[in-house]
Amino acid sequence: MASVSDPRQQTQVQKDAADQNFDYMFKLLIIGNSSVGKTSFLFRYADDSFTPAFVSTVGIDFKVKTVYRNEKRIKLQIWDTAGQERYRTITTAYYRGAMGFLLMYDITNQESFYAVQDWATQIKTYSWDNAQVILVGNKCDLEDDRLVATEDGQRLANELGFQFFEASAKDNINVKQVFERLVDIICDKMNESLDGQPSPLANHKGPSLEDMPPTNQNGCSC
């Protein structure tokens, strides 16, 4: 993610990180249990690539992507977090300052779905009150192996006050739509602010990636 082996790709990452020509910068986190597909989801969105190999994320890593919404150039810092309990202290330190979360579970893994409530509690505990959250039921391409009904995912999202999507990084279903919707609801909240200013919800001309803590240097596909 932050590290790439291809020198041309590495140069592009460095250029994206240093680029200050943007209107807003949003910090987004993808969280959820290990193996629900967080890294694959991010790779599909940022690079339009997918690999079935599974290598667990160590700690936290990131990608940068610039999007255009409502005639504004928005730089997204998208942080991919490890799902294992032993990394929880590291990953929760990154919650503060995040404007949006993708809280992900695997529709073929009931344990990952049952853990959503705990992840939601962590968001409430460690992030800003106005952080926006979308619940994502990933791996919807594995319909034959489904253990979590769509209706159950929607019901839980309603209870938590989150928006809900089912998606597939493998088949590229709703990946772009999930990120676009998260960015849109962050922008909507900004527009609803009383003084019309971004406030803590958006890092307007915020710090570049060089200002962020170091990340791991391992590529992964979890």
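Tutor: Helices here are DSSP runs of H or I with at least four residues, and strands are runs of E with at least two, numbered from the N terminus. This is a predicted model, in which local features need pLDDT of at least 70, side-chain atom pairs count only at pLDDT 80 or more, and totals for chains, interfaces and linings use all residues. Residues are numbered from 1 along each chain as its sequence is written, and side-chain values use heavy atoms, with hydrogens and water left out.

Student: How many helices and strands are there in the protein?

Tutor: The protein has 7 helices and 6 strands. Along the sequence they follow the pattern α-β-α-β-β-α-β-α-α-β-α-β-α.

Student: And what share of the residues counts as buried?

Tutor: Of the 222 residues, 51% are buried, where buried means under 20% relative accessible area, exposed over 50% and partly exposed in between (1.4 Å probe, protein chains only).

Student: How do H2 and H7 cross?

Tutor: The axes of H2 and H7 (residues 175–192) come within 9 Å and cross at roughly 85°; axes are lines fitted to C-alpha atoms, for helices over the stretch in contact, with angles from 0 to 180 degrees between N-to-C directions. The two helices are therefore roughly perpendicular, a class that covers 65 to 115 degrees.

Student: Which residues meet there?

Tutor: Phe41, Arg44 and Tyr45 in H2 meet Val175, Lys176, Val178 and Phe179 in H7, contact meaning heavy atoms within 4.5 Å.

Student: New topic: where does Tyr95 lie?

Tutor: Tyr95 lies in the loop between helix H3 (88–92) and strand E4 (100–106).

Student: Buried or exposed?

Tutor: Tyr95 is buried, at 0% relative accessibility. Beyond its neighbours within four places in sequence, Tyr95 contacts residues including Leu29, Ile31, Trp119 and Tyr126. The C-alpha atoms of Tyr95 and Leu29 are separated by 7.5 Å, although the two residues are 66 residues apart along the chain.

Student: How many disulfides are found?

Tutor: The search of the whole structure finds 0 disulfides, a disulfide being a pair of cysteine sulfur atoms within 2.5 Å. Cys140 is buried at 16% relative accessible area, and Cys187 is buried at 8%.

Terms used:
Parallel < 35°, antiparallel > 145°, perpendicular 65-115°, else oblique.
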